[in-house]
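My notes go entry by entry, in the order I looked things up.

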Amino acid sequence: MTTLELNDIQGYLIRGYAHMMYSRFVYLQITDAEATKNWLAKSWKTMTTAEHIPKKDQISSTHLNIAFTYSGLEKLGLKTDNLGSFSREFRQGMVSPHRTRLLGDLGNSAPENWRWGGPFNKPIHLCLMVFGNDKEGDDDIEKDKIVCINYYELLKAHFAGNGLEEILFIDGQTQPENKEHFGFRDGISQPIIEGSGRVGPKDDVIKAGEFIFGYKNDFGVYPDTPLIRAEQGNLNLLPPDAEGSGLKDIGRNGSLMVMRQLEQNVKTFWSFMNEKTKNEDHSINVAESLKLAAKVIGRWQSGAPITLFPDKDPGVISDINDFGYAKFDKDGLKCPFGSHLRRTNPRDSVDDHGRKESLKLSNQHRIIRRARLYGEIFEGSPVNNVPNGEVGLLFCCFNADISRQFEFLQYTWANLPKTKELYNDPDPIIGVKEKTTAGEEQNFTVQDLPVSRTISDLPQVITVKGGDYFFFPSITVLRFLSTI
Ligand code: HEM
């Protein structure tokens, strides 16, 4: 049984801080590496660890975590040989011709149009994640906001003196019922990291090495961790490579973090559902519109899975996640093969693989999602779909292998329009919608009897506005980085 070194792992990865309803993600550049290292030498201790469990009656708490881009580590002074031991995806970053094609960042979502992380933006070196909570157990976001922003102002007063320049920040929020802007309860299905202390269905328990360096992964081996190949800094601080290479491990208890700012086009989403289900007199058929949207997501707005509740939203907020498709829904008649849920985690039903093999395959592509909402708090529906200003999801996920986990999900499972069951259907939420060379529109197919229904002309409902790959180091490594 794995025991995680919780006091060395930054908390956002394991805990998610759902009770911290207000957060500020601050993207910074290092202007003076020596000053930043001095700051790190003092601040590594202030980073919230996974061991920190808020006390029930604790009033007003704040959390702080930090992550670096490749160019941030370079700017800090990590030697080329050491930088070279990070994975190719992290070294290249989110924006390269190959990666842009793979992720489907085209048209309005092209990196040239991004606000941050793109070729025309100032490079980001690090991200400070600032969280605030006024009182555990009460859902007053306005009070949490004050705590968060006060803490941020305190930190900000020292940015310049610490060799840091703020490029931009994005404020993140969670809603009491954890609904995203299209109006669906989110963040229900998460892998349970072995050794984290969380319990849940055994099919969801995933080896820690899928997400955290220094522990064995689902293949029974250690993930490819970055190692120190050229001596620098106080190496006595670092643990040895668990694999036994004799090199010091800079990855242990750290992870790789993917961040993408995804604007949600709520009106486009609901107009599409309304249009495809309208009554004969062209009025909105609210029940049918909601049903189609639930088919697209894979859950009702309450969070209830349509595999278990195929006809109607039971209406009570639901966290039900202990289900598969093989037994209850092998033909996709309840939850379509093309739904966002089934594509991003096909669970025990991957093509013709049996139940056991499918689960194994699905679990090799899991991610820990840590998204926050940005823009006004807004819960879309068929009749309420025009938010004030831009709204979206600051998508964030953790994985130890960006290529096999996040990128595989986005490219193979979400973007590819052809699968065994589907002909021209990308993921209806996050898949890239491109007309084929023959000019065919893309579809969403609802498996049905006697024949499947094709819902045509799938619109693009999200636009990528920024993004980057980050290294989310351990507390020990933060301390080490201050000595390089
Ligand atoms: C604005 C963009 C997005 C929206 C509105 C959205 C919405 C949702 C919702 C409502 C759920 C169901 C709640 C749950 O099961 O936890 C869900 C699940 C999920 N989403 Fe997304 N999502 C978005 C982006 C992404 C991206 C970019 C990825 C990865 C590339 C992703 C991967 C997943 C995964 C893995 C699940 C859980 C599937 C399962 O285990 O059954 N989502 N999403």
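**Entry 1: the domains**

I began by reminding myself that this is a predicted model. Next I looked up how the chain is divided, and found domain 1 (6–260 + 468–481) and domain 2 (261–393 + 401–466). I noted that their centres, taken over C-alpha atoms, are 28 Å apart. For the contact between them, I wrote down 50 residues from domain 1 and 49 residues from domain 2.

Which elements give two or more residues to the side of domain 1 that touches domain 2? I listed helix 1 (11–15), helix 5 (88–92), helix 6 (97–103), strand 4 (164–173) and strand 9. Strand 4 gives the most to this side, with 4 residues. I also sorted the residues on this side of domain 1 by kind, and they come to 20 nonpolar, 17 polar and 13 charged.

**Entry 2: helix 8 and helix 9**

I keep a reminder here that two packed helices are described by the angle between their axes and the distance between the axes. For helix 8 (residues 266–277) and helix 9 (residues 286–297), I noted axes that come within 8 Å and cross at roughly 120 degrees. Perpendicular runs from 65 to 115 degrees and antiparallel starts over 145, and helix 8 and helix 9 are therefore oblique to each other. Their crossing is right-handed.

Which residues meet here? From helix 8 I wrote down Met273, Asn274, Lys276 and Thr277, which meet Glu288, Ser289, Leu292 and Ala293 of helix 9. The residues of this contact divide into 3 nonpolar, 3 polar and 2 charged.

**Entry 3: backbone details**

I stayed with this helix pair for a moment and looked at the loop between helix 8 and helix 9, where I found His282. His282 is not a glycine, yet I noted a positive phi of about 75 degrees for it.

Last, I looked up the peptide bond from Leu449 to Pro450: is it cis or trans? I recorded it as cis, with omega near 5 degrees. Pro450 sits in the loop between strand 13 (444–446) and strand 14 (453–455).

Conventions
Residues are numbered from 1 along each chain as its sequence is written. This is a predicted model: local features need pLDDT of at least 70, side-chain atom pairs count only at pLDDT 80 or more; totals for chains, interfaces and linings use all residues. Axes are lines fitted to C-alpha atoms, for helices over the stretch in contact, and angles run from 0 to 180 degrees between N-to-C directions. Angles under 35 degrees count as roughly parallel, over 145 as roughly antiparallel, 65 to 115 as roughly perpendicular and the rest as oblique. A crossing is left-handed if the near helix is turned anticlockwise from the far one by less than a right angle, and right-handed if clockwise. Two residues are in contact if their C-beta atoms, placed from the backbone, lie within 7 Å. Ala, Val, Leu, Ile, Met, Phe, Trp, Tyr, Cys and Pro count as nonpolar, Asp, Glu, Lys and Arg as charged, and the others, Gly among them, as polar. Domain bounds come from an automatic or database domain assignment.
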